[in-house]
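Reader: Hello! I have just opened this model and would like a friendly tour, beginning with the terms I will need.

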Amino acid sequence: MKKYAFGVDIGGTTIKIGFFATEGELIDTWEIPTRTADNGKYIIGDIKQSIEDELAKRNLSIDDIEGIGLGVPGPVTEDGTVLKCVNLGWGVINIEEILSDAMGKIKVRAGNDANVAALGEMWKGGGKGHKDLVLITLGTGVGGGIIINGKILAGANGAAGEIGHIPVSDDETEPCGCGKKGCLEQYASANGIVRVAKRYLAANPDCKTTLRDSDNISSKVIFDKAKEGDSVALTIVDEVGRLLGKSIASICCVLNPEAVVIGGGMSKAGELLINTIKEYYKKYAFHASANTEFCIAELGNLAGIYGGAKMIID
């Protein structure tokens, strides 16, 4: 194996790039803008140029590189085909072939960004030491990645791990971003928990809560108030924890992972959120899966580049 590899995490605003030793050390990391103009036609060229600039700076050539691993914000099949990526403007393209051809036939591997981040957390983060895990990211949306026997589970169309779109309510009247109604993401994301709180306050105008003192209710405000003992904030956290715990129990009935890794901005709520999820998980889980370990993600925004490098190293 050659000495170096690159991990790349393509986001809608920025592209994170990591330069790794194939022994596992992250040597350097940086970002470039994601140019989505003209249906994202500049993105691949920008990645190529940025990698070539890094190699030139270090007096290295493409012959010193084992390969490039990519995380893409959309479904990616086993052969590297992106099945449309709205945030980037891409249609159906084989990103592995295109980037490999552009860089002299270097090895390129690609996967859905959440799945690639899950691989990174397994390798160097909160899931270290486990070969079978599920990563759940609680941020603006709810994302997920699945690792089985140390490998990404992509699914037939690269759409495995879309945990945020598990249906949890038949009574929802507003559509999710995916077009369906009643998805987990509508309640358990950072935006979702705010939505739950606002609905509760509107339906219970006489309830006393310090949440009403906040001009702009955010997920952080809700968790802070809950930690202070506000009964309404605790009720909202409990409901979101119930939906997450029940959904994770369903996931674990199918996959039986060793660990569930919780990441994303909401994971900063710490034990309050994790313990609530675990309480309901235990209630709903199949007995053989009841002792699944719960971990906090550790790599943050670097998980994707670690996972990209790991795909190459493997």
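Author: Helices (H or I, at least four residues) and strands (E, at least two) are DSSP runs, numbered from the N terminus, and two strands pair if DSSP finds at least two bridges between them. This is a predicted model, in which local features need pLDDT of at least 70 and side-chain atom pairs count only at pLDDT 80 or more, while totals for chains, interfaces and linings use all residues. Residues are numbered from 1 along each chain as its sequence is written, and side-chain values use heavy atoms, with hydrogens and water left out.

Reader: In what order do the five strands of the open sheet stand?

Author: The pairing in this open sheet is mixed. Strand 3 (26–33) and strand 7 (107–112) each have a single partner strand, so they stand at the edges with one side left without a neighbour in the sheet. From one strand to the next, the twist averages 15 degrees. Reading across, the order is 3-2-1-4-7.

Reader: Which residue of strand 3 is the bridge partner of I15?

Author: Strand 2 and strand 3 pair in the antiparallel sense over seven bridges. Their hairpin has four residues between the strands, and G24 takes a positive phi near 120 degrees there. For I15, the partner in strand 3 is I32.

Reader: What angle does helix 2 make with strand 3?

Author: Helix 2 (residues 43–57) packs on the sheet and touches strand 1, strand 2, strand 3 and strand 4 (65–72). Contact here means heavy atoms within 4.5 Å. Axes are lines fitted to C-alpha atoms, for helices over the stretch in contact, and angles run from 0 to 180 degrees between N-to-C directions. On that scale, helix 2 and strand 3 make an angle of about 140 degrees.

Reader: And at what angle does helix 4 run to strand 7?

Author: Helix 4 lies across strand 1, strand 2, strand 4 and strand 7. Its angle to strand 7 is about 105 degrees.

Reader: How much space lies in the largest pocket?

Author: On a 1 Å grid over the protein atoms alone, a pocket is an open set of points with protein on both sides within 12 Å along at least five of seven lines, unlike a cavity, where a 1.4 Å probe fits but cannot get out. Grid points are joined across faces, edges and corners, and the volume is the space filled by probe spheres set on the points. For the largest pocket, the volume comes to about 1,400 Å³.

Reader: Which helix supplies the largest share of the lining of that pocket?

Author: Lining residues have an atom within 4 Å of a point, and there are 44 of them here, with P73, D113, A114, T137 and G143 nearest the centre. Among the elements that supply at least two residues are strand 1 (4–10), strand 9 (142–148) and helix 10 (303–313). The largest share is four residues, and they come from helix 4.

Reader: How many residues in the lining of the largest pocket are polar?

Author: Ala, Val, Leu, Ile, Met, Phe, Trp, Tyr, Cys and Pro count as nonpolar, Asp, Glu, Lys and Arg as charged, and the others, Gly among them, as polar. The lining has 13 nonpolar and nine charged residues. Its polar residues number 22.

Reader: How many residues of strand 11 are buried?

Author: Buried means under 20% relative accessible area, exposed over 50%, and partly exposed in between (1.4 Å probe, protein chains only). In a regular strand the side chains alternate between the two faces of the sheet. In strand 11 (residues 259–263), A259, V261 and G263 point one way and V260 and I262 the other, all of them buried. The strand is largely enclosed by the rest of the structure because the buried count is five of five.

Reader: Which residue of strand 12 stands opposite A259?

Author: Strand 11 pairs in the parallel sense with strand 8 over five bridges, one of which joins V134 to V260. Strand 11 also pairs in the parallel sense with strand 12 (residues 293–296), over four bridges. Opposite A259 stands E293.

Reader: Is N149 buried or exposed?

Author: N149 lies in the loop between strand 9 and strand 10 (151–152), and its phi is near 50 degrees, a positive value in a residue other than glycine. Its relative accessibility is 59%, so N149 counts as exposed.
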